[in-house]
Amino acid sequence: MSQSKDIHLYTASTMNGWKPVVFLEEAGIEYDVTHIDFSQKEQKSEDYLKLNPNGRIPTIVDRSNNDFVVFESGAILWYLAEKYDRFLPQSAEGRSETLQWLMFQMAGVGPMMGQAMYFQRIAAKNGNEDPFAIKRYVDESRRLLEVLNTRLTARTYLVDEQYTIADMATYTWARAYYWAKVSVAGLPHLQKWFERIDARPATQRALEIPEPYWAFFEKRRC
Ligand SMILES: N[C@@H](CCC(=O)N[C@@H](CS)C(=O)NCC(=O)O)C(=O)O
């Protein structure tokens, strides 16, 4: 692959890793992608830590901006949205609402669902079953999905009619409710929002980059 595109993305097929891919695919922007191999601990390598001090994915390098580096998936989405003037409302209020829901995902939906996944899928498998932690994170995840369901009552997307970076960030996590073992029963507005985004070809294409990984979404190809 030629290494000449403006955006160089370092990522893997995970909920945080897909967020910038969804943006770039939806915006139709060409980019270079390096698949960070967790099994080889590439995210902790000396070279990678120079880009992302947190040793996690995703990270972007903007070659068209003096190799400016951005880490943290929410900050990457915001940077890309401003750079390309896409998926961000024009009004100050619309931008603020987008930022609010992006923060809600970054500080709530992602961490809580991530811990629900960790305690049920990884810790339990390693013999560290912790029912208290599982209940805590599953209940809190469900509560946050209920907040989303309420927000989506009579709204197409999180910020009214426009698909924004807040939807992109939230969808990759909330849509993986199966993997977190969090029920979405009785949340019709959230489910309709899933269906709307399930029907967006660019977003669905992104979920196969850098490689398909459908376990998060049960057998169903979302
Ligand atoms: N707050 C960070 C979290 C990034 C994160 O946790 N990435 C995970 C994948 S979803 C990762 O790199 N895991 C590998 C590791 O922990 O070593 C962000 O949103 O970018």
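Student: What should I know about the model before I start?

Tutor: The model is predicted, so local features need pLDDT of at least 70 and side-chain atom pairs count only at pLDDT 80 or more, while totals for chains, interfaces and linings use all residues. Residues are numbered from 1 along each chain as its sequence is written, and side-chain values use heavy atoms, with hydrogens and water left out.

Student: How do I read an aromatic pair, and how many does the structure hold?

Tutor: Rings of Phe, Tyr and Trp (for Trp, its six-membered ring) pair if their centres lie within 6.5 Å, and planes under 30 degrees apart count as stacked, over 60 as edge-to-face and the rest as tilted. The structure holds 18 aromatic pairs. In one of them, the ring centres of Tyr-171 and Trp-193 are 6.2 Å apart and the planes stand at 70°, so this pair is edge-to-face.

Student: Where in the chain do Tyr-171 and Trp-193 lie?

Tutor: Helices (H or I, at least four residues) and strands (E, at least two) are DSSP runs, numbered from the N terminus. Tyr-171 belongs to helix H6 (residues 165–174) and Trp-193 to helix H8 (residues 188–198), so the pair ties together parts that are 22 residues apart in sequence.

Student: Are Tyr-171 and Trp-193 buried or exposed?

Tutor: Buried means under 20% relative accessible area, exposed means over 50%, and partly exposed is in between (1.4 Å probe, protein chains only). Both Tyr-171 and Trp-193 are buried.

Student: Which residues of the largest nonpolar core touch the most other members?

Tutor: A nonpolar core is a set of buried Ala, Val, Leu, Ile, Met, Phe, Trp, Tyr and Cys residues joined through side-chain atoms within 4.5 Å. The largest core here has 64 residues, of which Phe-23, Leu-145, Leu-148, Ile-165, Leu-190 and Trp-193 touch the most other members. Elements that each supply at least two residues of this core include strand E1 (7–11), helix H1 (15–27) and helix H5 (131–151), and the largest share, ten residues, comes from H4.

Student: Which ring has the charged end of Arg-121 over it?

Tutor: A charge sits over a ring if NZ of Lys or CZ of Arg is within 6 Å of the ring centre and within 35 degrees of the ring normal. The charged end of Arg-121 sits over the ring of Trp-179, 4.0 Å from its centre, and Trp-179 also forms one aromatic cluster with Trp-18, Tyr-213, Trp-214, Phe-216 and Phe-217. In another case, the charged end of Arg-175 sits over the ring of Phe-194, 5.5 Å from its centre.

Student: Which residues are around the ligand?

Tutor: A residue is near a molecule or strand if one of its heavy atoms lies within 4 Å of it. The residues around the ligand include Thr-14, Phe-38, Gln-43, Lys-44, Gly-55, Ile-57, Pro-58 and Ser-73. A polar contact is a pair of N or O atoms within 3.5 Å; within protein, one must be able to donate a hydrogen and the other to accept it, and residues adjacent in sequence count only if both atoms are side-chain atoms. An oxygen atom of the ligand is 2.8 Å from an N or O atom in the side chain of Gln-43, an oxygen atom of the ligand is 3.0 Å from such an atom in the side chain of Lys-44, and a polar side-chain atom of Ser-73 lies 2.6 Å from a ligand oxygen atom. Taken alone, the ligand exposes 510 Å², of which the protein buries 79%, with accessible areas coming from the Shrake-Rupley method with a 1.4 Å probe and, for residues, only the protein chains shown counting as cover.

Student: What is the peptide bond from Ile-57 to Pro-58 like?

Tutor: Most residues other than glycine have a negative phi, and most peptide bonds are trans. The bond from Ile-57 to Pro-58 is cis, with omega near 5°, and Pro-58 is placed in the loop between helix H2 (46–51) and strand E3 (59–62). The bond from Ile-209 to Pro-210 is cis as well, with omega near 5°.

Student: What is the phi of Asn-66?

Tutor: Asn-66 has a positive phi of about 55° although it is not a glycine, and its relative accessible area of 74% makes Asn-66 exposed. Lys-181, also not a glycine, has a positive phi of about 55°, and at 46% relative accessibility Lys-181 counts as partly exposed.
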